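Work through the exercises below with the sequence and the model open. Each task is followed by a solution in steps.

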Amino acid sequence: MGSGIDGKLDRAFQPVADAFMEGFERGRDTGAAVGVVLDGRVLVDVWYGHADRQRQRPWQSDTLVCQFSVTKAMTTLCVLQAVDRGLLKLDEPVVASWPEFAAHDKHEITLRHLLCHRAGLIGFHEPMPAELFEDWQHTTEALAAERPWWPPGSRHGYHARTFGFLAGEVFRRRTGRSIGTWFREEIASPSGIDFHIGVPEHDLVRCADIVPARIRAGEQPPSSAARLMKAMGDRDSFTWAAFQNPATRPGRVNSAEHRRSEMPGANGHGTALASAMVLDRFASLVSAELLAEATTTHSSGDDPVLVSPTRFGLGLMLHDDACPIGLTTGSYGHAGAGGAVVFHDPEQRLSLCFAMNQLEPGVITGGSSASLVTKAVYECL
């Protein structure tokens, strides 16, 4: 492979390694990894760089990194499995399992609304203490008492940080297990997949430190990121409600408390190969009928939270020209804050994950490095 990259790479995919290194050569990445699986066969599993901001800890094969909203794809798989088993119903009102949720006339909100970002519960009207946001009981009680920001079902808007708590509490009440526990017992452990929704104490030492986004000299953020950052500063915007109450303190995502907590929409930690492996197995772990429904467009168009167009099925982001999930129609998966992404292309039977610790400006960016790697993979096919 050259260039000091570690891992394994199918000989025909050397251009992928070259594209991967471009992010480091441009000073964009601190540490990162790529996993590519084609119909069950690992084609790419490479990593490079450092797991800390001081560049003292080399990235390893088993380095875990927070992949932010990539976690939503893992959570969705758990939910769909429970639906397949008859434990959950997509169109059953949430209040059937969570009676306290009825506050502010939320009787008609269903699990389907939660999964396709149409519930209107993007955040909190009253201040949410940052130290309590990781507390499951406190946050779910606050969401049950919350009033929607728009009439449920009337529009969609990205439930960036509430998605996992909402779907996860319905899941917990119906299955008796948390999302993190189900994922570990039903999906990760049986297949040796190194992804965790709630990092075990003994694995904390493997976690990479997240490096905050920065604007490099001479560079301008993409227009979508610029719009988003402007909206985050507007206390009257949906964006501010979704991301700034509470605001995440710098470094909090690197704390043991945050890593140990279960936030099934936002703080899953894993290797890039692990995420690609989950998407490679996704279709075999749920029924064909349910997968078809989950990958059918339920919400699309201008998203008032992300201030850009988005397209969602049930808990999954779907490929769109404005949505960086793969390169072809039919691809599904999820992007994560700062440039992480995982997707599956069913036509090519290809699954890919790019994961890194140096964030790029924006929430769903597609990541410049991820885009370069993805294009290189398709050119090698």
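**Exercise 1.** List the residues in contact with Phe 183, leaving aside its neighbours within four places in sequence.

Solution. Step 1: take contact as heavy atoms within 4.5 Å. Step 2: with the sequence neighbours within four places set aside, Phe 183 touches Met 74, Cys 78, Ala 188, Phe 195, Ile 197 and Val 278. Buried means under 20% relative accessible area, exposed over 50%, and partly exposed in between, using a 1.4 Å probe and protein chains only.

The model is predicted: local features need pLDDT of at least 70, side-chain atom pairs count only at pLDDT 80 or more, and totals for chains, interfaces and linings use all residues. Residues are numbered from 1 along each chain as its sequence is written, and side-chain values use heavy atoms, with hydrogens and water left out.

**Exercise 2.** Is Ser 275 buried or exposed, and which residues is it in contact with?

Solution. Step 1: locate Ser 275 in helix H10, residues 272-285. Helices are DSSP runs (H or I, at least four residues) and strands are runs of E (at least two), numbered from the N terminus. Step 2: the relative accessible area of Ser 275 is 0%, so Ser 275 is buried. Step 3: beyond four places in sequence, the contacts of Ser 275 are Gln 67, Val 70, Met 74, Phe 195, Val 342 and Cys 353.

**Exercise 3.** Find the salt bridge partner of Asp 10 and state which parts of the chain the pair ties together.

Solution. Step 1: apply the rule, a side-chain nitrogen of Lys or Arg within 4 Å of a carboxyl oxygen of Asp or Glu. The count by this rule is 18 salt bridges. Step 2: Asp 10 pairs with Arg 41, with 3.4 Å between the closest N and O atoms. Step 3: Asp 10 is in the loop between strand E1 (6-9) and helix H1 (14-25), and Arg 41 is in strand E3 (residues 41-49), so the bridge ties together parts 31 residues apart in sequence. Step 4: Asp 10 is partly exposed at 25% relative accessibility, and Arg 41 is partly exposed at 48%.

**Exercise 4.** Which residues are linked with Arg 177 in a network of salt bridges?

Solution. Step 1: start from the bridge between Arg 177 and Glu 185, whose closest N and O atoms are 2.7 Å apart. Step 2: extend to the network, which links Arg 85, Arg 177, Glu 185 and Glu 186. Step 3: check accessibility: Arg 177, at 21%, counts as partly exposed, as does Glu 185, at 40%.

**Exercise 5.** Where does His 113 lie, and how far apart in space are His 113 and Ser 299?

Solution. Step 1: His 113 lies in helix H3, residues 111-115. Step 2: the relative accessibility of His 113 is 19%, so this residue counts as buried. Step 3: His 113 and Ser 299 are 186 residues apart in sequence, and their C-alpha atoms are 9.8 Å apart. Step 4: outside four places in sequence, His 113 is in contact with Glu 108, Arg 118, Ala 119 and Gly 153.
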